[in-house]
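Here is a short briefing on a predicted model.

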Number of protein chains: 2
Amino acid sequence: MQTSKVQIVENILSANDRIAEENQKALNSLGVTCMNIMASPGAGKTSVILKTIQHLAPKFRIAVIEGDTAPVTIDADKVSELDVPVTQINTAGNCHLDAMMVQKGIQHLDLQGIDLLIIENVGNLVCPASFRLGEHFNVVIASIPEGDDKPYKYPGIYQGIDALILNKSDLLPYIDFNQKYFRMGIQALNPGIPTFLLSCKTGEGFDSWIEWLSDRFAEK
Amino acid sequence: MQTSKVQIVENILSANDRIAEENQKALNSLGVTCMNIMASPGAGKTSVILKTIQHLAPKFRIAVIEGDTAPVTIDADKVSELDVPVTQINTAGNCHLDAMMVQKGIQHLDLQGIDLLIIENVGNLVCPASFRLGEHFNVVIASIPEGDDKPYKYPGIYQGIDALILNKSDLLPYIDFNQKYFRMGIQALNPGIPTFLLSCKTGEGFDSWIEWLSDRFAEK
């Protein structure tokens, strides 16, 4: 009997969802809230994470799982410099994190007393959207230089997420970016989604983002 | 008997390569040279394609296949305005083009008298690298705002390509981008690769890029 490609894909996704549920139960039992961050390569995931940690610590204790397609520790090293527990997952060329990889990441981290676990997914606007990891909420980071048409061209990633960051606002003076057109695209896919215009360079917009993010802990 | 995931993936890739060969034979019989362009979302694939067409036409006749994850025709419309034959492939959420999709694209285009067929792949720095389409050469577009660490973090896409464009040079004054570090990463992955620092906004660097590209026709 030949197994079809579609059936294999369905089996993989349902196995993934089962492990994602296990991950979430494990995190719940430790009182850890988990945020999955997705974005294009170079949208500024690591920069937003670093600045977010600087705002939240020492009031909140944070841990980070870094997803990378290669065994380089550039991002993990930067996070580690902030004295935050971090583990790196090398997907060995794979285009997204899955729940099994995150399960191993969780096992490698000492999460006792941690309030927020941040997962930095692989830089990709397509594949990560299909794989739940056990996170409590999902955030996508868009960036000004990527262009205002991304919601129209990569709609899948913006659906079902809980907040959107629009990063690199400091570049607005130098780039033709129609914020109205961008937000119209986002609203059509995800009406009412909280959206934060930020700059990691100038710090603009971080107060509202940190307020929204902190509220996610209070809710738990 | 259960078919393993690995075996299915191998079967898909080898079927893909067979069709990619057929595509290349079909293009050769028509005297068409084919370039596959890969990049992150928002690196400027469409802008580079539009400006390249403006430089090459009317001396050369060009056709374009646009790969998109959604049925929006934003990019295809822009190309079409330049009076260039264009067909759009909607991958329906899939993260890359494959040879079968391109085969259908080729069948939809009238390629008689066409010198260069440009394929704009889906915006993704991971998956497109694994799928040959029938192209004669591959170009990756990196961009200044993506950051200088991309060759280290997404090495797979830079290997085995024929040229690299570093786009959005007009943003260099506003972004910390270490060109030496970037080029060192590229050279380690792909020694001696022709690299073109461009700006679609100012036109900087297009002359050398167009010269290199035109030579690809002369070679045929």
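Strand β6 (residues 163–167) of chain A runs parallel to β7(A), and three bridges join the two. Within this pairing, A:I165 has A:F196 in β7(A) as its bridge partner. As the model is predicted, read the points below as computed from it.

**The sheet**
- The strands of chain A form an open sheet of seven, in the order β3-β2-β4-β1-β5-β6-β7.
- Pairing in this sheet is parallel.
- The edges are taken by β3 (86–90) and β7 (195–197) of chain A.
- Each edge strand has a single partner strand, so one side of each is left without a neighbour in the sheet.
- From one strand to the next, the twist averages 20°.

**Helices on the sheet**
- Helix α2 (residues 45–56) of chain A packs on the sheet.
- Helix α2 of chain A touches β1 (33–39), β2 (62–68), β4 (116–120), β5 (137–143) and β6 of chain A.
- The direction of helix α2 of chain A makes about 165° with that of β4(A).
- Helix α4 (residues 99–108) of chain A lies across β2, β3 and β4 of chain A.
- Helix α4 of chain A runs at about 150° to β3(A).

**Contact between chains A and B**
- In chain A, 35 residues are in contact with 35 residues of chain B.
- On the side of chain A that touches chain B, the elements giving two or more residues are α1 (5–30), α5 (150–153) and α6 (155–158) of chain A.
- The residues on that side of chain A comprise 18 nonpolar, ten polar and seven charged.

Note on methods:
Residues numbered from 1 in each chain as written. Chains lettered and ligands numbered in written order. Predicted model: local features only at pLDDT ≥ 70, side-chain atom pairs only at ≥ 80, totals over all residues. Contact = placed C-beta atoms within 7 Å. Helix = DSSP H or I, 4+ residues; strand = E, 2+ residues; numbered from the N terminus. Nonpolar A, V, L, I, M, F, W, Y, C, P; charged D, E, K, R; others polar. Pairing = 2+ DSSP bridges. Axes fitted to C-alpha atoms, helices over the stretch in contact; angles between N-to-C directions.
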